[in-house]
Protein chains: 2
Amino acid sequence: MTDLNTKIDLNTMGKDAQAAAFKLGQLGTLKKNAALNKMADDLEANSSNILTANKVDLDNAKANGMATAMIDRLMLDTDRIKGMADGLREISELPDPIGKIDRGWTTEDGLDIVQERVPLGVVGIIFEARPNVTVDAAGLCFKSGNAAFLRGGKEAINSNIALSDTLRKSLKESGLDENSVQLISDTSHEVAQEMMELSEYLDVLIPRGSGKFIKMVVNKAKVPIIETGAGNCHIYVDEFADLDKAVKIIVNAKVQRPSVCNAVEKIIVHKNVANEVLPKISDALSKYNVEIRGDETVQSILPNAIAATEEDWSTEYNDYIIAIKVVDNIDEAISHINKYNTKHSESIITENYANSRQFQKQIDAAVVYVNASTRFTDGNKFGFGAEIGISTQKLHARGPMGANELTTTKYLVQGDGQIRK
Amino acid sequence: MTDLNTKIDLNTMGKDAQAAAFKLGQLGTLKKNAALNKMADDLEANSSNILTANKVDLDNAKANGMATAMIDRLMLDTDRIKGMADGLREISELPDPIGKIDRGWTTEDGLDIVQERVPLGVVGIIFEARPNVTVDAAGLCFKSGNAAFLRGGKEAINSNIALSDTLRKSLKESGLDENSVQLISDTSHEVAQEMMELSEYLDVLIPRGSGKFIKMVVNKAKVPIIETGAGNCHIYVDEFADLDKAVKIIVNAKVQRPSVCNAVEKIIVHKNVANEVLPKISDALSKYNVEIRGDETVQSILPNAIAATEEDWSTEYNDYIIAIKVVDNIDEAISHINKYNTKHSESIITENYANSRQFQKQIDAAVVYVNASTRFTDGNKFGFGAEIGISTQKLHARGPMGANELTTTKYLVQGDGQIRK
């Protein structure tokens with residue numbers, strides 16, 4: 001069992017992680033899948049211990065006056081443990097990204113080159129108070145042949161230790177290196193900072209949590225980062241939209257879970273349908289007490305709308321607020337979105353073929369939808385079993401990241417004595 | 001013509017680059033290839049102007065006492081201009097990376113997803129005194145639909161301006177946006193620093209030059225970076241090596257061009273062949289006055305060898321120096337290389353099938369060779385027409401970077417009104 005009082009030596013943990021990663025990178029698919037299924041079974045079998053540890057975290061959280069929404073994210077029950085276990089089972093059923101040949105060719109010098117997918121090595125994940133990240137991240141890292149090096153928030157530390165101890169015991173019983181999954185049990189800021197600078201051992205660091213938390217990690221880290229999360233998402237209601245479809249999608253994208261990065265924050269409406277669709281949008285959103293902000297045209301059609309400021313167009317509310325703008329044509333919609341978006345998820349509602357094509361080609365974002373809610377930008381909904389985050393950068397990975405996105409490539413070159421002239 | 005005295009406004013240049021990138025990202029392959037061929041022809045047609053500008057740089061360099069090797073890198077002649085033009089023609093003949101579908105599937109919710117290759121947007125390149133980088137970078141960026149935002153060293157400024165003016169005029173005559181290629185004509189450190197912080201407009205920044213230069217850029221930049229260049233490359237002479245092949249490859253990899261990142265720096269030799277191969281290696285390298293450093297076994301076999309220190313194993317000499325170590329077995333060779341290498345290029349010399357496989361699977365590097373010189377790690381030799389650098393990082397791109405590596409992806413999702421439950 002991990003001991004909370006042990007002095008943490010990140011260098012030793014890093015070395016152990018590298019050694020585990022070396023072995024894990026060469027492990028066959030069937031062995032990895034069997035281990036993932038055993039981890040899932042062991043999590044369920046060990047439910048009562050995990051729930052006991054979780055109760056300590058919950059009691060501390062209540063004593064410290066944690067907000068109800070946060071307590072809900074921290075709370076585990078047998079259903080949620082089964083959910084995590086099923087996530088591992090789903091990951092086991094996905095294709096193994098390792099060993100895939102991306103391309104291959106013979107050069108003018110007669111060298112045979114193949115570009116093969118290989119693990120990144122040691123993947124660091126630094127996250128806030130959601131214990132499910134421990135299991136999701138460990139599962140995706142394991143499937144992609146990477147050692148997982150985890151550091152969760154102090155609010156969930158007892159739950160995280162119980163979860164990672166279960167996974168490590170399971171690995172050991174499978175005859176594998178338990179250091180394929182390691183959790184830093186010291187939740188001090190000093191150790192977090194030390195982890196963010198552990199370039200010698202960590203190949204990448206992925207922060208998961210609030211925008212504020214991610215920004216802090218990006219600023220402090222010396223390990224290469226994959227940035228996740230910021231979402232100022234738009235839905236454009238084209239002049240050729242099916243307006244009922246538009247209203248349903250907008251309501252879903254705004255209120256089904258307003259606090260997340262793929263919730264819609266802005267609606268752009270073509271002027272030819274503004275008079276008809278704006279009152280419908282307003283009526284539908286009013287049932288959920290969504291505050292509407294808008295430009296002058298919107299205000300003239302919806303008297304209750306508050307004037308939107310320049311700042312509104314670039315703000316991610318993560319709340320029951322939406323801002324609406326009316327445009328003259330699709331070009332104006334596209335250029336407004338490309339100017340203010342965070343390159344996360346954008347959707348056009350239209351029945352017009354040419355406009356659907358233009359929007360998808362010209363919008364610069366990780367995911368561009370036609371006639372669907374932006375809420376589908378999610379590793380699970382994309383079919384990746386779980387997600388390690390949603391990348392909002394252009395380098396390495398873009399959009400929901402699953403096991404594939406935790407790989408890099410290696411060129412293997414076969415020669416017969418070639419030298420360069 | 002670019003005026004050296006104009007006050008540089010990087011924000012305006014950045015906006016112009018983004019506008020050009022938006023158009024360039026949608027340009028068809030045939031139009032891009034025609035423009036690349038015209039750029040090649042125009043470079044050759046404009047040779048005399050380019051050489052006149054280059055002469056100014058050369059005269060300044062000589063007056064300032066620049067080293068001969070540096071002057072050689074700065075010098076252009078009609079052959080070198082033809083070489084740059086042929087590079088553009090080669091890039092035109094390569095497949096267009098844009099629009100390629102990496103994968104596609106239908107989700108449980110009935111959404112059709114494709115992941116399509118798209119340009120990064122605006123690619124910044126910051127480089128030292130080699131004018132050919134201007135043309136290579138512009139060509140690769142153009143083919144991959146990216147606007148090139150270039151800043152070269154002050155030693156080559158007149159040559160770079162002549163080259164970029166030629167390319168921009170050529171683009172304009174092709175009816176395309178000349179701002180697809182922009183060169184910053186102010187070579188002050190202040191403007192370089194401003195460029196490294198231009199996150200609003202640059203999607204990526206790639207430094208090209210010496211290790212010291214690249215390190216400086218990595219430390220100062222706020223734009224996402226692709227790190228290139230460090231190469232502490234090894235050749236392992238296995239007990240089953242063809243020793244003549246080994247000696248030829250080692251000599252080529254060490255002396256054909258010792259100053260570059262893919263030159264070999266370390267030789268690891270299996271103990272069973274050390275007595276036979278070490279004198280051969282020593283004899284062959286002595287013709288080029290290569291200094292040999294070695295461990296105790298090497299020193300006992302080669303009396304002239306200098307004792308290698310711990311520091312030697314991690315040093316990239318970029319010079320006529322090599323360090324040699326004798327190992328007991330292939331496992332020891334692999335673990336030494338993985339400990340000290342810079343993950344660039346490593347080669348095994350062997351006629352044994354199992355050992356060739358083990359080496360390629362277990363070595364962690366961008367390129368892993370069997371029976372070939374490490375000097376082949378190069379965009380041109382890989383068949384990429386030119387290269388934008390050799391990535392030594394694991395994220396985004398690894399090894400020689402051509403047009404493919406200047407792309408990202410976008411998920412296009414087709415729905416029929418799906419909302420998330």
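A polar contact is a pair of N or O atoms within 3.5 Å; within protein, one must be able to donate a hydrogen and the other to accept it, and residues adjacent in sequence count only if both atoms are side-chain atoms. The model is predicted, so local features need pLDDT of at least 70 and side-chain atom pairs count only at pLDDT 80 or more, while totals for chains, interfaces and linings use all residues. Residues are numbered from 1 along each chain as its sequence is written, chains are lettered from A in the order in which they are written, and side-chain values use heavy atoms, without hydrogens and water.

**View 1. Polar contacts and salt bridges between chain B and chain A.** Between the two chains, 47 residue pairs are in polar contact (both at pLDDT 80 or more). There are also eight salt bridges (a side-chain nitrogen of Lys or Arg within 4 Å of a carboxyl oxygen of Asp or Glu). Lys394(A) pairs in this way with Asp203(B), with 3.1 Å between the closest N and O atoms.

**View 2. Contact (heavy atoms within 4.5 Å) between chain B and chain A.** Here 64 residues of chain B meet 63 residues of chain A.

**View 3. Cysteines of chain A.** The number of disulfides (cysteine sulfur atoms within 2.5 Å) over all chains is zero. Cys141(A) has its closest cysteine sulfur in Cys261(A), 19 Å away and too far for a bond. For Cys233(A), also in no disulfide, the nearest cysteine sulfur is that of Cys261(A), at 6.9 Å. Cys233(A) is buried, with a value of 0%.

Methods
Buried < 20%, exposed > 50% of the residue type's maximum accessible area, 1.4 Å probe, protein only.
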